[in-house]
Every structure is written in C-alpha cells, then in structure tokens.
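Good morning, colleagues. Please look at the sequence and the structure on the screen, and I will take you through the salt bridges, the core and one of the helices.

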Amino acid sequence: MNARTMSLRGRSKGRQAANSSAMDAAARWGFMARGTIYLLIGLLALQIAFADVGGGGGGEQADRGGALAEIGEQPMGSVLLWALGVGLVGMSLWRLSEALFGASGPDGRKASKRLLSAGRFVFYGFVAYSVLTFAAGDKSGSSGDQQSQDITATAMEQPGGRWIVGIAGAAIIGAGLWIAVRALRRDYHKHLKLSQMSHRARQFVDVTGVGGGVARGVLFGGIGVFVLQAAIEYEPDKAKGFDATLRSFADAPAGRWLLALVALGLVLFGVFSFAMARWRKV
C-alpha cells in the first residue's frame, strides 16, 4: 500500500467521522447551547431597557458572563453550565471537521468555506473555554467589556498596534454587515432541510432568522465601531463588549426602544438557533 492510498483512506475515514451520528449530535447540541446564551443575553438586555423610566439601568451584564451568571443561579445551575460548555465544544469540533473535510452542500469544500469554518472553530473554541472555566468556578474573565479592553490594550502595545486594532475594528464592522445582509437574503435556507419543514415552520424560521440575524449584525457592527474609535483616539478603554455596546444604544434618540428592539432580535436569534438544531443539515 503506497503513501497516496493510505492518505486517501485516511481522508475517507476522516470524512466518515465528520459525517457520523456523534458529530451530528455534537453540532445540534452546540446550536442549543448557542441559542440558550443568546436568548438569555436578549432577555437581560430587555431588562436593562426597561429597568427604569430614565433608562440605562439594570444590574446584570447583558453579555455571555451575565447569561452564565443567570444560569448558575438556577436549580442544577452548575450542571447546566457544564452542559452548555460541552455543547459548545461539540460546535467547535463540528466546525473543525468542516475546515478539515468540507461542509455539507455543493460548495462545502471550497477553500473560502473551509477557512470560514476554521475561524468559527477558533471562535467557538474560545467561547467553550470561557464557559467551562466559568462552570469550574473561575469568574475572573466573565466580563466581555473588560476582555475587549484588555485585548485592545495588549494589541496597542505591539508595533503598529493602532493599525492592528483599527483593522480589527473595521473587520468586525464588516462582519456585522455581512451577518445582517446574509440574514436578509435568507442565505441560511441552503443549510436547512426544507423538504422536512411545513410552511408554518419555514415562516417561523424566517421571522427568527431574519430578525435575529439583523440584530446580531447590528450588535457586532456597534462593537466594531467602538474598537475602531479606540484605535483612532488611542484609548483602549473606548473598546466595548456586548454589555457596554448594548447599553450605548440607550444613548441614541429613542434609545430605550432601540435597545429593546435589538434585545428582542437577540432573543429571536436564540430561538433561531434552536430551530437550526432541529432542521440544520450537518
């Protein structure tokens, strides 16, 4: 058996593992975990929007740390936190399998698709790590705002740091726009088992997918604006995470209602993630 044959067999076994029932379950568990976190972030943001008539109130953080703290306070909260962390590990491994062997669909093996999956693998790996460390009792890194400022400050200390941060901010703005546009175009349809869905189910997915995707895009775009501002003004503290970005919407005209609208969209994205766990092609 030559090296080429062994390589082909290795790739074949890898693709079989990527398409296995275990990987299917891992991906769907991951979507459920993602949905739970976004649903709670959205509900916390709604509490902030209507905490008081003057606006800007609310003691809980409307970010991943706030969502995890909310879960931890529930009965069996520790078990739920570990379950979320494991689900996100499953999501990360599924994205890694897509990067290595290609995703479902006719263009799933394109280099651009695999590179995108690799980026998602890194992202969900980081999120999984933060959730698991929180579940293990380490709350020190739970503030997304502080993490954003720390990362920005560290980047600015490097040669060409302001340019690095500025480019990162522009990239996050672009990512937010890309997320919103893809949601409006309903690009997620190509990943769904549409033949197994009723007309009402498709309508439900479209309401949650479009509304949730646009709100998520707006939130990422806002984060990118603050990162770009930090680079321009050379002030790392200008960078903001989910919580501070959401609260900043309250400073706009009709701010409480704008924040409430974005928060409702994040709730919809959480529900959309649950739908993806049910009908997504893996």
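Predicted model: local features only at pLDDT ≥ 70, side-chain atom pairs only at ≥ 80, totals over all residues.

Glu233 has a relative accessible area of 37%, so this residue is classed as partly exposed. The partner of Glu233 is Lys238: the two form a salt bridge, with the closest N and O atoms 3.7 Å apart. Lys238, at a relative accessible area of 28%, is likewise partly exposed.

Let me begin with Arg28 and Asp24, whose side chains meet at 2.9 Å, N to O. How far apart are Arg28 and Asp24 along helix H2? They are four residues apart, and therefore separated by about one helical turn. In general, an α-helix has 3.6 residues a turn, so residues three or four places apart point the same way. Is Arg28 buried or exposed? Arg28 is buried, because its relative accessible area is 14% and the cut-off for burial is under 20%. Asp24, in contrast, is partly exposed at 25%.

The second pair is Glu98 and Arg95, whose side chains also form a salt bridge, again with an N to O distance of 2.9 Å. Both residues belong to helix H4, which covers residues 77-101, and they are three residues apart, about one turn of the helix. Here Glu98 is buried, with a relative accessible area of 5%, and Arg95 is buried, also with 5%.

I turn now to the nonpolar core. The largest one holds 58 residues, and within it Leu88, Val205 and Leu246 touch the most other members. Helix H2, residues 21-49, supplies the largest share of this core, namely twelve residues. As for Val205, leaving aside residues up to four places away in sequence, its contacts are Tyr188, Leu192, Met197, Val210, Phe272, Ala275 and Trp279.

Ala49 is located in H2 and is buried, because its relative accessibility is 1%. Which residues does Ala49 touch, not counting residues up to four places away in sequence? They are Arg256, Leu259 and Ala260. Between Ala49 and Leu259 there are 210 residues of separation in sequence, yet the C-alpha to C-alpha distance is 6.0 Å.

Met32 is also a residue of helix H2, but its relative accessibility is 40%, so Met32 counts as partly exposed. Together with Trp29 and Val86, Met32 makes a nonpolar surface patch of about 280 Å².

Finally, helix H5. This helix runs over residues 111-135, 25 residues in total, and spans 36 Å from its first C-alpha to its last, close to the 36 Å expected at 1.5 Å a residue. Its buried residues are Ser117, Tyr124, Val127, Ala128, Ser130, Val131, Phe134 and Ala135. Against which helices do the buried residues of H5 pack? They pack against H2, H4 and helix H3, residues 64-72. Just after H5, Gly137 adopts a positive phi of about 110°.

Thank you for your attention.

Definitions and conventions
Residues numbered from 1 in each chain as written. Heavy atoms only, no water. Core = buried A, V, L, I, M, F, W, Y, C linked by side-chain atoms within 4.5 Å. Buried < 20%, exposed > 50% of the residue type's maximum accessible area, 1.4 Å probe, protein only. Helix = DSSP H or I, 4+ residues; strand = E, 2+ residues; numbered from the N terminus. Contact = heavy atoms within 4.5 Å. Patch = residues over 30% accessible without salt bridge, like charges linked within 9 Å, V, L, I, M, F, W, Y side chains within 5 Å. Areas by Shrake-Rupley, 256 points an atom, 1.4 Å probe, with all protein chains shown as cover. Salt bridge = Lys/Arg side-chain N within 4 Å of Asp/Glu carboxyl O. Expected span 1.5 Å × (residues − 1).
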